[in-house]
Amino acid sequence: MINNINLSFEEMWDKIMACDHKYDGLFFTAVKTTKIYCRPSCRSRKPKKINVTFYKDIQAVEAAGFRPCKRCQPEVEHSPHIEIVKSIVAFLVTHYKQQLLLKDIAENVGLSPYYLERLFKQETAETPRTYLEKIRVDKATYLLKSTKLTNIEICYEVGFQSPSNFYKVFRNLTNCTPSEYRKGFQHEVDRL
């Protein structure tokens, strides 16, 4: 049933046992006893090996009479967690000026801090903290270009709790200091 991916039954079995999301969309796992099919990354209870069949596309598995898993939603093109990630990003963009802890974000979306961080990193390849720092530096670069606020005022305006952390994060993300960045746009600031 698997034509265009070069994985044996055992290799695919290993992928579903590891819940490896890299193989989502490449094949589907159908369970004969429940008549349900899943993504390789599905975290639902694993079936017995003898009850599993693998399919290469969604049409074939549905034609065989299987229905999609409600947990991993294999019929949905994007990740089933994308709505959660969007709500996390929306929360970060809205509250970037505040001192945010992981538990604050987790409470807002109704997840445990550990699960939230793991899920966010899986979907974005970043932690919520590094994502928040990027939002803050983006806001800081805008303020450096468009206002006459001092670097310290901008530091606190965008939510950093200390100037040393602001300078460190800013330099890591832009490869220059806030003052060097502003010098590049000095003519625009002078017009203000």
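Biologist: In this predicted model, is Tyr167 buried, partly exposed or exposed?

Modeller: The relative accessible area of Tyr167 is 30%. Buried means under 20% and exposed means over 50%, with partly exposed in between. Tyr167 is therefore partly exposed.

Biologist: Which residues does Tyr167 touch, not counting residues up to four places away in sequence?

Modeller: Tyr167 is found in helix α8. When residues up to four places away in sequence are not counted, Tyr167 touches Asn151 and Pro178.

Biologist: What distance separates the C-alpha atoms of Tyr167 and Tyr37?

Modeller: Along the chain, Tyr167 and Tyr37 are 130 residues apart.

Biologist: Is Thr29 buried or exposed?

Modeller: Thr29 lies in strand β1, which covers residues 28-31. Leaving aside neighbours within four places in sequence, its contacts are Ile16, Ile36, Tyr37, Cys38, Val52, Thr53 and Phe54. The relative accessible area of Thr29 is 5%, and buried means under 20%. Thr29 is therefore buried.

Biologist: How are helices α6 and α8 oriented to each other?

Modeller: Two packed helices are described by the angle between their axes and the distance between the axes. Helix α6 (residues 128-146) and helix α8 (residues 163-174) have axes 10 Å apart and pack at an angle of about 90°. Angles of 65 to 115 degrees count as roughly perpendicular. The orientation of α6 and α8 is therefore roughly perpendicular.

Biologist: Which residues of α8 meet α6?

Modeller: From α6, the residues in the contact are Glu133, Lys134, Val137, Ala140, Thr141 and Leu144. By class, the contact of α6 with α8 has 7 nonpolar, 2 polar and 2 charged residues. On the α8 side, the residues are Phe166, Val169, Phe170, Leu173 and Thr174.

Biologist: What is the phi of Ala125, and is this residue buried or exposed?

Modeller: Most residues other than glycine have a negative phi. Ala125, in the loop between α5 (113-124) and α6, has a positive phi near 65°. With 64% relative accessibility, Ala125 counts as exposed.

Biologist: What is the phi of Gln73?

Modeller: Gln73 lies in the loop between β4 (67-68) and α3 (82-95). At 30% relative accessibility, Gln73 counts as partly exposed. Its phi is positive although the residue is not glycine, with a value near 45°.

Biologist: Which residues lie closest to the centre of the largest pocket?

Modeller: The largest pocket holds about 400 Å³ of space. It is lined by 17 residues. By class, the lining has 6 nonpolar, 5 polar and 6 charged residues. The closest to the centre are Ser41, Arg43, His81, Leu119 and Gln122.

Technical notes. Residues numbered from 1 in each chain as written. Predicted model: local features only at pLDDT ≥ 70, side-chain atom pairs only at ≥ 80, totals over all residues. Heavy atoms only, no water. Axes fitted to C-alpha atoms, helices over the stretch in contact; angles between N-to-C directions. Helix = DSSP H or I, 4+ residues; strand = E, 2+ residues; numbered from the N terminus. Parallel < 35°, antiparallel > 145°, perpendicular 65-115°, else oblique. Contact = heavy atoms within 4.5 Å. Nonpolar A, V, L, I, M, F, W, Y, C, P; charged D, E, K, R; others polar. 1 Å grid on protein atoms, 1.4 Å probe; cavity = no way out; pocket = protein on both sides within 12 Å on 5 of 7 lines; lining within 4 Å. Points joined across faces, edges and corners; volume = space filled by probe spheres on them. Buried < 20%, exposed > 50% of the residue type's maximum accessible area, 1.4 Å probe, protein only.
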